[in-house]
Amino acid sequence: MEYREEADTLGTVQVPATALWGAQTERSRHNFTTGPLMPLPMIRALLQIKRAAATANRDLGEIREEKAQLIIRATTDLLALPDAQLRPDFPLHVYQTGSGTQTNMNVNEVIAHQTASYDPTSGVLPNDDVNHGQSSNDVFPTAMAITARVAVRQLEGAVQHLMDELAVKQAAYQNVVKIGRTHLQDATPLTFGQEVSGWVSMLEHDWDYLKSLDDSLLELPIGGTAVGTGLNAAPGFATMVAEQLSKAYDQPFTAKTNKFFGLAAHSGLNVVHGGLKTLASDLLKIANDVRFLASGPRAGYNELNIPANEPGSSIMPGKVNPTQAEALTMAATRVMGNDVTLTIAASQGNFEMNVYKPVIIETFLESTDLLTGTVMGFADKMIHGLTVNADHMAELVDQSLMTVTALSPYIGYHASAEIAQLAEREGLTLRDAAVQSGKVSAEQFDQWVKPLAMTNSKRPMN
């Protein structure tokens, strides 16, 4: 490989000849070699910030028109690249300095070298020009807020899609009676549509929680520079950058926030991730319900039929497994673990700056990406093709002892319990046991024990 020599304040460094990065990126490339690469949404957000900063600095008279235009052109061209072509010039890992300084400098260096490809005499410098009026300490958390906001909005769309698919099943099976279960034991009947309505309501609440929290990601600490004082940033710079970013992302970002807070704490990401954890908890419950109700088909609950998306076993022919549910439940457990990581990392705001920034945003984006992908898969590849075994559901209701609850208003709790115990003890149907007890006639039993009527399916649950 051919190399060129680049210099920074510590001396000279050999950089691959074709690389757009410079000395600081090359040092980081060798000093930090572990873990995932910095997420590309963060790189794209940093490029957007640099373009907005160049525009603001030009309009404020902070940098010359020629340099500003070159920076704007370079960032525009880089943003137009597909991920596969963008990634090679941004090779740094998440586990680096806790401020994200090396990734900020990676972006500064790439932009500066890109401008040189347009005009070798331009003299655009990574620190003095591309990073003008900025610090890694305010730029990196600004990119964190932007990427988190975009990712949460995408997840909200996926959750809405799952709610829509479940609502179709709720309507289709509103009057299909099945046995209820509490404590993993038989309970009184309900309809499958009612059961699904509970799942839909869980997701509606989770969606509302996220919507009520995600505006906390609109506050951008840009303009705080090193410690929050705004040293070396021109008056009006932060507001102008926020306006540019709002247009770029079609989101109402604002620079009107306490900069000391914005650098030292990441409370917005922390609280929103708490909403992700809550969503993950409910998704885990829903996915487990679906896969348990579909268990079988001969030796399980066998109340639901799930789509056969792929062979379920390498040794057992014809086996179908609830793989989409399993993927979703694994993602949910990962998000719960991520919440611990993010909570601890968010607490490490030592004096004027949190120094766990890269792991905070990488963890946050992993959670949103995992949930968005697995929720869409669960909706499209499991819920959409889900059907019920109505005859088996009816059979289980007929065999249940807990429909005896309908007799309590007529003969009392104690007498009803005796009938249920008699049926269980002697292997009778509940109807036969009731008649044998002498407390209920066959006609009365048929009049009083009507499973669909017991569900109150006509009564609104909201």
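I began at strand 4, where the bridge partner of Arg181 is Asp186. The model is predicted, so I took local features only at pLDDT of at least 70 and side-chain atom pairs only at pLDDT 80 or more, while totals for chains, interfaces and linings use all residues. Residues are numbered from 1 along each chain as its sequence is written, and side-chain values use heavy atoms, with hydrogens and water left out.

I looked up the pairing of strand 3 (177-182) and strand 4 (185-191). These strands run antiparallel over five bridges. For pairing, DSSP must find at least two bridges between two strands; helices (H or I, at least four residues) and strands (E, at least two) are DSSP runs numbered from the N terminus. Two residues separate strand 3 from strand 4 in the hairpin. What is the phi of His183 in the turn? I read a positive value of about 60°, although His183 is not a glycine. Most residues other than glycine have a negative phi.

I then checked the record for this residue. UniProt, in an unreviewed entry, lists His183 and Ser313 under "active site". The two are spread over 131 residues of sequence and also in space, up to 31.2 Å between C-alpha atoms. I note that UniProt positions are given in the numbering used here, that feature names are shortened, and that annotations may be inferred rather than shown by experiment.

**Entry: the first hairpin**

I found strand 1 (residues 3-8) paired with strand 2 (residues 11-16), antiparallel, over six bridges. For Arg4, the bridge partner in strand 2 is Val15.

The "binding site" annotation in UniProt (unreviewed entry) includes Gly100, Ser135, Asn137, Thr182 and Lys319. The annotated residues span 223 residues of sequence and are also spread in space, up to 57.2 Å between C-alpha atoms. I placed Gly100 in the loop between helix 4 (83-86) and helix 5 (101-118).

At the start of helix 7, I found a side-chain oxygen of Ser135 within 3.0 Å of the backbone nitrogen of Asn137. Why does the length of helix 7 agree with expectation? At 1.5 Å a residue its 37 residues should span 54 Å, and the end C-alpha atoms are 54 Å apart. The expected span is 1.5 Å times one less than the number of residues.

**Entry: the cavity**

How many cavities of 30 Å³ or more does the structure hold? I found one. A cavity here is a set of points on a 1 Å grid over the protein atoms alone where a 1.4 Å probe fits but cannot get out, and lining residues have an atom within 4 Å of a point. The largest cavity holds about 140 Å³ of space; volume is the space filled by probe spheres set on the points, which are joined across faces, edges and corners.

I counted 14 lining residues, with Glu219, Phe261, Ala265, His266 and Leu269 nearest the centre. Helix 7 (136-172), helix 10 (259-264) and helix 11 (267-293) each supply at least two of the lining residues. Helix 11 gives the largest share, three residues. The lining divides into seven nonpolar, six polar and one charged (Ala, Val, Leu, Ile, Met, Phe, Trp, Tyr, Cys and Pro count as nonpolar, Asp, Glu, Lys and Arg as charged, and the others, Gly among them, as polar).

I found a cis peptide bond between Gly296 and Pro297, with omega about 10°. Pro297 lies in the loop between helix 11 and strand 5 (304-305).

Key:
On a 1 Å grid over the protein atoms alone, a cavity is a set of points where a 1.4 Å probe fits but cannot get out, and a pocket is an open set with protein on both sides within 12 Å along at least five of seven lines; lining residues have an atom within 4 Å of a point. A polar contact is a pair of N or O atoms within 3.5 Å; within protein, one must be able to donate a hydrogen and the other to accept it, and residues adjacent in sequence count only if both atoms are side-chain atoms.
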